[in-house]
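Dear colleague,

Please find below the structure that I am handing over to you. My findings follow directly after it.

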Amino acid sequence: MCIHCLNLRIVCFTYVFNGIGFFLGNFISFGRFASPVPTFYRAVKNDSVEGIEPEYYLLMTLNCLLWLLYSMPFIHPGSILVSTANGIGLVIHLAYLIIFIIYAKDNKQRACLVFLHMVGLVSGLVIGLADDVVVRTGLVGALAIGFGTMTYLPLLSGVLRACREESVEHMPFRVALISILNDLCWIIYASLGFDVCLLFTYCFGILIGVLQLLLHCVHSGDDKKLATDVVPVQLPEIDTGDDKKPCTAEVDP
């Protein structure tokens, strides 16, 4: 009887933990996917996507598509959290690309369309040519690891720039925090199921996130000091015959 009660408690705990992980993981992933919304809102408002580079969003679209494909029952069964989170991400990033295609003024529109056709072709080839489940899982997992890792390259570029300039002005703290929480959630999920593909990708991502937070701890105070640290300087008095007080100005030290 005691063993039966213990097993029941373990099962209940597992369901509760999976439920919390499901909602928390989807919520944090949604926060990461939705972080560019203000950028595209301004693009729609200004009727222009000038200054928006589509490469990152194309990469994220392919990343979400591959993880969604990876989580399908005929490739890697039992990955419901992966499928829901990346399904939401795929819809959001497709919306970003549609906005870009509508408002872009150059040949990048065609590049986006060609890319989307190539994504469909590659996905069809992977599914059609690989008959064995293990082979399909390995192929799609390897592609997902590759593109998942590539999505962190812009963040790594921001880390290198912050180190070079000794400033975190171009590396928002909010984005870094959401990214590290997202990566931590996926690492816990991948560790419970021992999913090597997810574990490798998000371990790489969390290393970059930790570097971002460390740089914020080191340089955020310097940015505030540069923004507020101004001193008044007395300008030389000019004799114009009028009774005027000497003027002053504020300059950076």
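In which helix does Leu 97 lie? In this predicted model, Leu 97 belongs to helix 4, which comprises residues 80-103. With a relative accessible area of 2%, Leu 97 counts as buried because that value is under 20%.

Thr 61, for its part, is placed in helix 3. Thr 61 is also buried, at a relative accessible area of 4%. Setting aside neighbours within four places in sequence, Thr 61 makes contact with Leu 90, His 93, Leu 94 and Leu 97.

I turn now to the nonpolar cores. The largest of them has 28 residues, and those with the most contacts inside it are Trp 67, Met 171, Trp 186, Leu 198, Tyr 202 and Leu 215. At least two residues of this core are supplied by each of helix 3 (55-70), helix 4, helix 6 (133-150), helix 7 (153-165), helix 8 (173-193) and helix 9 (196-228). Helix 9 provides the largest share, six residues. Another core, of 17 residues, lies apart from this one and includes Val 49, Tyr 96, Leu 97 and Ala 104.

Finally, which residues does Leu 198 touch, not counting those up to four places away in sequence? They are Trp 67, Val 82, Trp 186, Tyr 189 and Ala 190.

Yours sincerely

Note on methods: Residues numbered from 1 in each chain as written. Predicted model: local features only at pLDDT ≥ 70, side-chain atom pairs only at ≥ 80, totals over all residues. Heavy atoms only, no water. Helix = DSSP H or I, 4+ residues; strand = E, 2+ residues; numbered from the N terminus. Buried < 20%, exposed > 50% of the residue type's maximum accessible area, 1.4 Å probe, protein only. Core = buried A, V, L, I, M, F, W, Y, C linked by side-chain atoms within 4.5 Å. Contact = heavy atoms within 4.5 Å.
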